[in-house]
Amino acid sequence: IEKHKAIKIVFMADCGSKAWGYSSESSDEDIRFIYVKKLKDYLTIDETADFIEYKDDHYDITGFDISKALKLIYKSNYTINEWLHSPLIYHEEKCMEKVHDLAYECFCPTPIIKHCIDDATKNFKKVLRCDNVLVKHYLQVLRSISIGLYADGFGEFPCGDKTRYVLDREIYALYLELADIKRRDRNARIE
């Protein structure tokens, strides 16, 4: 990607089921990255692309230009916070220390909570519409709720499995059981 797009990747992480502990053998890789372009690309009046996407059967790859990433950090955007707090970071340049500091300084739980409510609602509607629901949708509902609760209670975006601290023991046990089912079968369903 770096050679083909003439960029330098400064951060790369996994933000899918692999990072959250419930990938199966057939799961794709959800790779997210932040990159910088050549200086001349920033010193132009012409708009240049601020993201890169690629998807096939094995990879779902999305990258943001550093300027886009910084704007999203300033807004306390869910997506960029999820990337920065992934438990599976593959590559990180030293300059990302300042980006992490900025994300911490700019963090506001409100947009995170709003995103989590919207995401949990969207996935719960999928659960309600079907008699035969993918386990993945239940996991996404529980994950969104737990991230929102964590952001509200602790005033920061959770890293790794810190969300277990905000879920009732029985609900967390259900989450772990569903994750185990999903690990065994990517297309597992609950009737």
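Student: Why is Asp60 called buried?

Tutor: In this predicted model, Asp60 has a relative accessible area of 15%. Buried means under 20%, so Asp60 counts as buried.

Student: What makes the pairing of Arg32 with Asp60 a salt bridge?

Tutor: The closest N and O atoms of Arg32 and Asp60 are 3.6 Å apart. The limit for a salt bridge is a side-chain nitrogen of Lys or Arg within 4 Å of a carboxyl oxygen of Asp or Glu, so this pair qualifies. Arg32 belongs to strand 2 (residues 29–37) and Asp60 to strand 4 (residues 59–65), so the pair, 28 residues apart, links distant parts of the chain.

Student: Is Arg32 buried or exposed?

Tutor: Arg32 has 13% relative accessibility. As buried means under 20%, Arg32 counts as buried.

Student: How do you know that Glu82 and Arg143 form a salt bridge?

Tutor: Their side chains meet with an N to O distance of 2.9 Å. The cut-off is within 4 Å, and therefore the pair is a salt bridge. Glu82 lies in helix 5 (residues 78–84) and Arg143 in helix 8, 61 residues apart, and the pair links distant parts of the chain.

Student: Why are Glu82 and Arg143 each called buried?

Tutor: Glu82 has a relative accessible area of 11%, and Arg143 has 13% relative accessibility. Buried requires a value under 20%, so Glu82 is buried, and Arg143 counts as buried too.

Student: Which residues does Arg143 touch, not counting residues up to four places away in sequence?

Tutor: Arg143 touches Trp20, Tyr22, Tyr78, Glu82 and Tyr175.

Student: What makes Asp180 and Arg183 partly exposed?

Tutor: Asp180 has 31% relative accessibility, and Arg183 has 36%. Buried means under 20% and exposed over 50%, with partly exposed in between; therefore Asp180 counts as partly exposed, and so does Arg183.

Student: Where do Asp180 and Arg183 lie?

Tutor: Both are in helix 9 (residues 169–184), three residues apart, about one turn of the helix. Salt bridges that share partners join Asp30, Arg32, Lys55 and Asp60 into one network.

Student: What distance is found between the side chains of Asp180 and Arg183 in their salt bridge?

Tutor: The N to O distance is 3.6 Å, and the limit is within 4 Å, so the pair counts as a salt bridge. By this rule the count comes to 14 salt bridges.

Student: At what angle do helix 7 and helix 8 pack?

Tutor: Helix 7 (residues 109–129) and helix 8 (residues 135–154) pack at an angle of about 160°, with their axes 8 Å apart. Angles over 145 degrees count as roughly antiparallel, which means that helix 7 is roughly antiparallel to helix 8. Their crossing is left-handed.

Student: Which residues make this contact?

Tutor: On helix 7 they include Pro109, Ile112, Ile113 and Cys116, and on helix 8 they include His137, Tyr138, Gln140 and Val141. The residues of the contact divide into twelve nonpolar, five polar and three charged.

Student: Where does Gly160 lie, and which residues does Gly160 touch, not counting residues up to four places away in sequence?

Tutor: Gly160 is in the loop between helix 8 and helix 9. With that exclusion, Gly160 touches Trp20, His85 and Pro87. The C-alpha atoms of Gly160 and Glu105 are separated by 20 Å, and the two residues are 55 residues apart along the chain.

How values were computed: Residues numbered from 1 in each chain as written. Predicted model: local features only at pLDDT ≥ 70, side-chain atom pairs only at ≥ 80, totals over all residues. Heavy atoms only, no water. Axes fitted to C-alpha atoms, helices over the stretch in contact; angles between N-to-C directions. Helix = DSSP H or I, 4+ residues; strand = E, 2+ residues; numbered from the N terminus. Parallel < 35°, antiparallel > 145°, perpendicular 65-115°, else oblique. Left-handed = near helix turned anticlockwise from the far one by under 90°. Contact = heavy atoms within 4.5 Å. Nonpolar A, V, L, I, M, F, W, Y, C, P; charged D, E, K, R; others polar. Buried < 20%, exposed > 50% of the residue type's maximum accessible area, 1.4 Å probe, protein only.
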